[in-house]
Amino acid sequence: MSAPPESRQIDDDQEQEEVYVPVPHNPEALQILPLGGLGEIGMNLMVYETRGKLLLVDCGLTFPSHENPGVDVIIPDISYLQERKDDVVGIVLTHGHEDHIGALPFIWPEFKCPVFGTSFTLGLVGLKFQEHKLDANYLREVRHREGFQAGPFNLTLYYMTHSIVDASALAIRTHLGTVIHTGDFKFDHTPIDGRISDLFSMAKLGEEGVLCLLSDSTNVTHTGSALSEQSVRPALDEVMGRAKGLVVTATFSSNILRIQQIVDSAVAHGRKVVLNGRSMESNVSVARELGFIKIPPESLITVKQVKEHARDKVCIVSTGSQGEPNSSLMRIAHGEHKEIKLGQDDMVILSSKFIPGNEGAIWGLINLLYDAGVDVVHEKDMPSIHVSGHAPQDDLKMMLALTRPEFFIPLHGEPRHLHLHRRLAISMGVKDHKTLVAENGDRVELDAESVRILERVAHGRVFVDGKGVGDICDIVMRDRRHLSQDGMVAVVMVVEKDTGKLLEGPEILTRGVIHEDENPIFLDEMRQAVAEAIKIGPKGMDFNEDEEVGANDLAVRAIRRFFKKRLGRRPVVLPMVMEM
Ligand SMILES: [Zn+2]
Ligand SMILES: [Zn+2]
């Protein structure tokens with residue numbers, strides 16, 4: 001789905017010593033450098049540079065796949081910016097999704113610069129700053145349409161409808177002209193809070209002249225225009241109306257307007273509402289405080305109060321729509337939740353997308369629920385239960401038509417999305433040579449006449465695991481994958497220093513390979529194979545003639561052979577040989 005990880009830790013020494021010399025560039029031009037989010041969907045981070053100053057737009061993370069066992073989150077590699085820290089004048093956030101703000105707690109401390117965003121976005125960032133004990137005085141709340149300055153960049157955020165409230169497109173006014181960075185958007189002309197995308201300002205900017213448009217490519221393969229958030233309500237009402245027991249509705253905790261609709265539908269059907277899951281509680285609390293969601297206080301009950309109400313009078317609004325293994329919905333499905341048990345007549349509504357890569361986990365969740373007698377409604381059977389927050393083709397064309405840019409660069413997509421979006425822009429009149437597809441690490445230079453890729457700079461993915469940021473390199477990741485697939489065998493023994501004769505052992509320990517207690521004979525045979533190999537020595541073991549072979553090499557080779565022959569497996573072998 002995303003570009004393969006590129007890590008520079010495994011480069012050989014020679015390459016590491018090479019000093020990076022930037023390609024000569026025109027300081028009066030505008031440099032545009034994506035360090036994440038172009039060529040993949042996730043971890044958005046764009047760098048704009050002119051007259052020696054840098055502006056970062058968004059700072060997101062991506063979630064690990066099964067390829068990255070044990071990794072919590074993945075963030076962009078910003079080593080290219082290490083030498084330029086003092087030139088960074090600020091970070092602007094387009095909206096509060098994790099793929100746009102999630103890396104801030106790890107990356108912001110490198111710069112300690114002002115962070116600009118609208119109120120809900122900064123509300124969510126504030127939670128992160130609190131959790132990571134960072135200085136929230138750097139957070140600068142800005143309002144839509146109100147300009148602000150960061151170094152040479154004159155900036156304005158404009159309201160855009162998306163699957164989160166308070167999202168924005170960003171206009172960057174420079175001495176060269178105006179650049180529009182759309183962020184994630186769709187044009188919802190009937191949003192349930194009445195706030196439509198700021199089409200007027202987009203048209204006005206177009207009228208004044210837009211140098212370059214950078215626009216969301218996520219749904220470029222979808223024809224037509226965006227479905228309104230409002231269109232979900234009849235589906236929610238229909239399902240809520242026929243549910244005989246408890247209803248659990250799962251959606252993203254940042255999708256405040258969806259949560260509003262679920263609450264409205266539940267209340268209209270005489271149900272009390274429970275907010276379930278840590279981020280559901282904290283995000284809705286921020287949204288309530290800032291006035292983005294309205295929940296009648298008398299309708300809200302706690303998880304513990306569920307049993308005081310009839311089952312057909314309660315609706316639980318939960319996280320866990322992606323089948324996340326640690327989510328509370330998964331615990332409910334397993335029957336392991338302390339307060340919420342589901343069974344016959346109960347209903348689970350997944351008002352969310354099957355995100356590519358998560359399908360297996362989501363079907364697993366659905367199967368568990370069916371086994372428990374629960375009915376499940378999801379977008380594969382009932383498409384109207386969810387709408388996307390990204391612009392399909394007609395909305396993308398509308399954005400191009402309103403802004404009429406001289407230059408165009410597609411944002412937020414895998415290569416296939418970016419290329420198709422570029423073609424769409426050309427079909428709308430953007431000149432072929434004034435649009436290009438840039439991917440992570442491509443340093444683009446734009447002046448009034450032309451656009452080109454100057455060079456590809458250091459970029460990649462940094463793994464975060466617990467408190468470690470970036471300490472897990474590709475070699476560690478490879479070991480983890482190997483361990484997770486084949487397990488580990490440790491062999492412990494003592495040999496005589498001069499003769500190599502076995503004095504004690506070998507003892508064998510395994511993890512994730514075989515059940516030792518149930519396979520004593522197998523273990524015995526393995527020990528014998530190792531002892532035999534130590535006794536005979538390297539002869540007949542396929543070592544090179546000039547190779548110096550120690551007892552640990554013999555033990556490793558013997559165990560590998562043994563496993564290959566007996567089980568066709570390749571466990572990690574860890575020799576611990578003491579010489580006396
Ligand atoms: Zn996004
Ligand atoms: Zn988004």
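These legends describe close-up views of a predicted model. Residues are numbered from 1 along each chain as its sequence is written, and chains are lettered from A and ligands numbered from 1 in the order in which they are written. Local features need pLDDT of at least 70, side-chain atom pairs count only at pLDDT 80 or more, totals for chains, interfaces and linings use all residues, and side-chain values use heavy atoms, with hydrogens and water left out.

**View 1. Donors of the zinc ion (ligand 2).** H95 (NE2), H97 (ND1), H162 (NE2) and D184 (OD) are its protein donors, at 2.1 to 2.3 Å. Donors are N, O and S atoms within 2.8 Å of the metal (3.2 Å for Na, K and Ca); water is not among the atoms, so sites may look incomplete. Along the chain the donors are spaced H-x1-H-x64-H-x21-D.

**View 2. D184 as a bridge between two zinc ions.** D184 joins the zinc ion (ligand 2) to the zinc ion (ligand 1), and the two ions lie 3.4 Å apart. Both H95 and D184 are buried (under 20% relative accessible area, 1.4 Å probe, protein chains only).

**View 3. Helix α13, residues 474-486.** Helices are DSSP runs of H or I with at least four residues, and strands are runs of E with at least two, numbered from the N terminus. The buried residues of α13 are D474, M477 and D486. Seen down the helix axis, they fall within an arc of 140 degrees, so they line one face of α13; the arc is that of the directions from the axis to the C-beta atoms. These buried residues pack against β22 (461-465) and β24 (488-495), where contact means heavy atoms within 4.5 Å. Just after α13, G487 has a positive phi of about 75 degrees.

Key
The expected span of a helix is 1.5 Å times one less than its number of residues. Buried means under 20% relative accessible area, exposed over 50%, partly exposed in between (1.4 Å probe, protein chains only).
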